[in-house]
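Visitor: I am new to this structure and would like to learn how to read it step by step. Could you show me the model and then take my questions in turn?

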Amino acid sequence: MTELLQARNEISPFNSKKGKEMARSNSANSQQGASAALRILEPARKKLATVETQRIIECLDECIRRQELSSALLLIVMPNDERLEQFSLGLGVEILTALKSHRTLCRLLDEAFINPNEERLKALQVEVSNSCKNILRMFRENPSAATSIRNELVGEYAKLAGKPLKDALEMIKKLNEIRAMMLERLLTTPTEEKDRGRYLRQVTEREKNNATIIDKLQSQLDAAIDDKEQEMGKRNETIRRLKNDLHQIEQFSEEHIRRTKTEADKQQSADIRSCESKQSKMQTEIDQLRDRLNRMVQEDRETEQSLRKRKFKIETEVENWISKYDQDMGEKQDEYEQIDEVYTEEKKQLSELEEKFKVLEEEYDKIMEERRIAREEKEAKELELAHMMKAAITIQAFFRAYKVRKSLKSKAKKGGKGKGGKGKKKKK
């Protein structure tokens with residue numbers, strides 16, 4: 001009976017372990033399909049076509065190189081480190097002197113952090129910043145030295161633990177990630193972005209439909225597995241009870257045991273046939289779904305082929321336009337160089353004329369200043385004369401009025417005397 005129970009457990013095709021394995025397999029297939037779709041959506045161009053995009057990437061590359069060089073400088077200028085002497089021949093006297101000075105400033109800055117003095121600390125920070133900028137300018141003028149330092153010290157970043165180096169490495173990592181994202185963004189054309197959006201919507205819709213179908217079948221499969229497990233549990237419990245009964249009555253009737261075993265075998269055979277029929281039905285459904293999946297994959301491949309042909313055609317047209325653009329830009333560059341030569345010559349003549357007219361302008365300003373002074377003096381004299389004339393006119397007016405009043409007064413006195421004489425004569 002124990003062997004019978006083990007056999008029944010082994011022949012069941014719908015146990016929970018196999019159901020879980022099938023679920024994991026379906027999940028892995030969906031992940032592989034998603035990775036293939038992402039590879040399809042990569043930008044078609046592998047090189048930057050315009051000068052502006054190349055300049056953007058070059059700016060990011062220059063920033064990364066400077067950050068790597070700054071990180072290397074952290075290793076070189078470390079106290080009690082002999083790396084500076086190792087690179088003395090390749091760096092040159094000027095850069096070596098600047099690095100030693102920078103190491104001294106760094107040491108002073110560390111001491112200032114230990115004994116804080118706000119004014120001295122700010123001054124040392126400014127000096128260290130200026131020193132670092134000068135060293136980077138020197139390395140920019142000597143690219144071979146910068147390259148050798150980065151190549152020699154790049155392997156030692158991870159060996160030396162320290163917060164500044166960890167921060168520098170994290171900064172370099174983030175800059176590389178930004179460069180990769182920016183490069184992908186610049187390589188993607190608006191047409192590719194529209195096609196990508198349309199393709200993603202189509203794939204998303206198909207994925208949703210497939211996920212709905214898979215979830216439905218998975219739920220049916222899980223329900224069938226649960227039912228089968230419950231059924232098998234009940235039957236296992238029945239077999240266990242029968243086994244106990246057989247052990248109890250074994251000493252009474254061998255025939256009864258044989259008959260009970262025969263009935264159990266028949267029941268087992270019926271259960272096996274029932275399980276096989278259900279298994280065959282589910283396998284048929286799985287085969288149908290697999291055929292449907294293969295047809296959909298074939299349709300997707302045909303669609304992908306047509307899109308690839310269209311992409312190749314568009315790439316050819318873009319390359320032709322780029323060639324025409326490069327030719328036109330070459331002609332414009334030649335024309336610009338000719339105009340620039342004429343402009344340089346005229347600018348030189350203009351500077352010579354400006355130097356000549358500068359002297360004349362000084363003389364002109366001097367003459368105009370003299371004229372202004374003379375005009376002001378003349379206006380002052382005219383104003384003074386006008387005031388004198390006005391004063392004279394006023395004086396004359398007062399004098400005439402005075403004379404008129406005086407004459408009128410004298411006439412009035414004479415008239416009074418004449419009238420008095422005539423009255424006296426009449427009285428006589």
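Predicted model: local features only at pLDDT ≥ 70, side-chain atom pairs only at ≥ 80, totals over all residues.

Visitor: What share of the 428 residues is buried, and what share of the contacts joins residues at least 24 apart?

Guide: A residue is called buried when its relative accessible area is under 20%, and in the protein chain 18% of the 428 residues are buried. Among contacts between residues at least 6 apart in sequence, 78% join residues at least 24 apart. The accessible surface of the protein chain is about 33,500 Å², and 55% of that area belongs to carbon and sulfur atoms.

Visitor: Which residues of helix 6 and of helix 7 are buried?

Guide: In helix 6 the buried residues are Ile95, Leu96, Ala98, Leu99, His102, Leu105, Cys106, Leu109 and Ala112. In helix 7 they are Leu121, Leu124, Val128, Ser131, Ile135, Leu136, Met138 and Phe139.

Visitor: How should I read a salt bridge, and how many does a search of the whole structure find?

Guide: Side chains of opposite charge can pair when their charged atoms come close. A search of the whole structure finds 10 salt bridges. One of them joins glutamate 237 to arginine 240, with the closest N and O atoms 2.1 Å apart; both residues lie in helix 10 (residues 190-249), three residues apart, which is about one turn of the helix. Glutamate 237 counts as partly exposed because its relative accessibility is 32%, and arginine 240 is also partly exposed, at 42%.

Visitor: Which residue does arginine 308 meet in a salt bridge, and which one does glutamate 376 meet?

Guide: Arginine 308 meets glutamate 304 at 3.0 Å, N to O, and because the two are four residues apart in helix 11 (residues 254-427), about one helical turn separates them. Arginine 308 is partly exposed, with a relative accessible area of 42%, and glutamate 304 is partly exposed at 24%. Glutamate 376 meets arginine 372 at 2.5 Å, N to O, and here too the residues are four apart in helix 11, so about one helical turn lies between them. Glutamate 376 is partly exposed at 40%, as is arginine 372 at 31%.

Visitor: Which residues are linked in a network of salt bridges?

Guide: Glu231, Arg235 and Asp271 are linked in such a network.

Visitor: Lastly, which residues form a nonpolar patch on the surface?

Guide: Leu385, Met388, Met389 and Ile393 form that patch, and together they have about 420 Å² of accessible area. Methionine 389, which has its place in helix 11, is partly exposed, with a relative accessible area of 47%.

Terms used. Residues numbered from 1 in each chain as written. Heavy atoms only, no water. Buried < 20%, exposed > 50% of the residue type's maximum accessible area, 1.4 Å probe, protein only. Salt bridge = Lys/Arg side-chain N within 4 Å of Asp/Glu carboxyl O. Patch = residues over 30% accessible without salt bridge, like charges linked within 9 Å, V, L, I, M, F, W, Y side chains within 5 Å. Areas by Shrake-Rupley, 256 points an atom, 1.4 Å probe, with all protein chains shown as cover. Contact = heavy atoms within 4.5 Å.
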